[in-house]
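Dear colleague,

Please find below the structure that I am handing over to you. My notes on what was found in it follow directly after.

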Amino acid sequence: MKDRHLFLFGGSPPFDKILGRKFANLSLNDNGKVAILFIEKDGWEEYMRKYKSVLEENGLVQFTYLPLTSKPSKSTIEELISCTGIIICGGETELYHNYIVETSMAKHIREMYEQGVPVSGFSAGALICPDNCVIPPIDNTENKHQFLNGLGLIKDCCISVHFTKWDEEENLKTALARTQLSIGYGIDDEAGIYFKNETLSLREGKIFNFVID
């Protein structure tokens with residue numbers, strides 16, 4: 001069985017230096033090609049540079065950009081499964097949930113993750129990765145907590161992003177009480193955590209742990 005690798009970031013790109021080097025090294029199998037999954041908006045091409053910068057410094061040169069839709073095409077899925085690394089971008093978490101978790105793309109991401117392909121999520125991308133996708137009131141159109149099924153790449157924790165910026169401590173504690181999970185991670189902007197085989201192995205920047213007995 002291959003090791004599984006999950007990187008979760010609390011804010012926008014670029015990658016943190018240490019975690020970016022780790023993700024790049026893990027993605028360089030067979031010369032490396034990283035899929036960047038994003039919601040298409042004006043100026044997206046320029047924004048991709050931020051996701052690539054640290055990875056390029058560490059030897060990755062091949063990237064493929066996969067705009068998300070409610071019905072992923074066959075060609076999009078074929079391109080995805082040809083990659084050796086996956087980045088899920090930030091933005092509107094509800095849309096990322098609808099276009100990834102609620103589509104056929106979720107199955108393929110889970111399969112690739114189980115096969116050792118590293119997955120990295122930024123902000124919205126981080127929130128949809130756990131088994132429990134908890135979207136805080138500040139981050140959705142209903143202005144209240146949403147408790148949804150996530151990708152299921154990690155099962156036993158809650159994740160909160162933009163932790164200090166959004167003042168998320170009480171929201172994370174509420175989410176832990178509702179989900180009955182024992183641990184929550186609050187990830188600040190410009191911070192990230194790396195799970196190897198669903199075990200926290202590395203952190204960079206300000207990370208806050210909350211444990212429920």
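Asp167 is located in the loop that connects strand 8 (157-160) with helix 7 (169-179). In this predicted model, Asp167 has a positive phi of about 55° although it is not a glycine. For context, most residues other than glycine have a negative phi, and most peptide bonds are trans. Asp167 counts as exposed because its relative accessibility is 62%, and the cut-off for that class is over 50%.

Glu198 likewise has a positive phi, of about 65°, without being a glycine. Its place is the loop between strand 10 and strand 11. With a relative accessible area of 28%, Glu198 is partly exposed.

Strand 10 (residues 192-196) pairs with strand 11 in the antiparallel sense, over 5 bridges. Within this pair, Tyr194 stands opposite Leu202 of strand 11.

Helices pack on the sheet as well. In the loop that lies between strand 1 and helix 1, one finds Pro14. A cis peptide bond, with omega at about 15°, joins Pro13 and Pro14.

Which residues of helix 5 (residues 105-114) are buried? They are Met105, Ala106, His108, Ile109, Met112 and Tyr113. Seen down the axis of helix 5, these buried residues fall within an arc of 165°, so they line one face of the helix. In general, an α-helix has 3.6 residues a turn, so residues three or four places apart point the same way. The partners against which the buried residues of helix 5 pack are strand 1, strand 2, helix 3, strand 4, helix 4 (93-101) and strand 5. Just after helix 5, Gly116 takes a positive phi of about 100°.

Key. Residues numbered from 1 in each chain as written. Predicted model: local features only at pLDDT ≥ 70, side-chain atom pairs only at ≥ 80, totals over all residues. Heavy atoms only, no water. Pairing = 2+ DSSP bridges. Helix = DSSP H or I, 4+ residues; strand = E, 2+ residues; numbered from the N terminus. Buried < 20%, exposed > 50% of the residue type's maximum accessible area, 1.4 Å probe, protein only. Arc of directions from axis to C-beta. Contact = heavy atoms within 4.5 Å.
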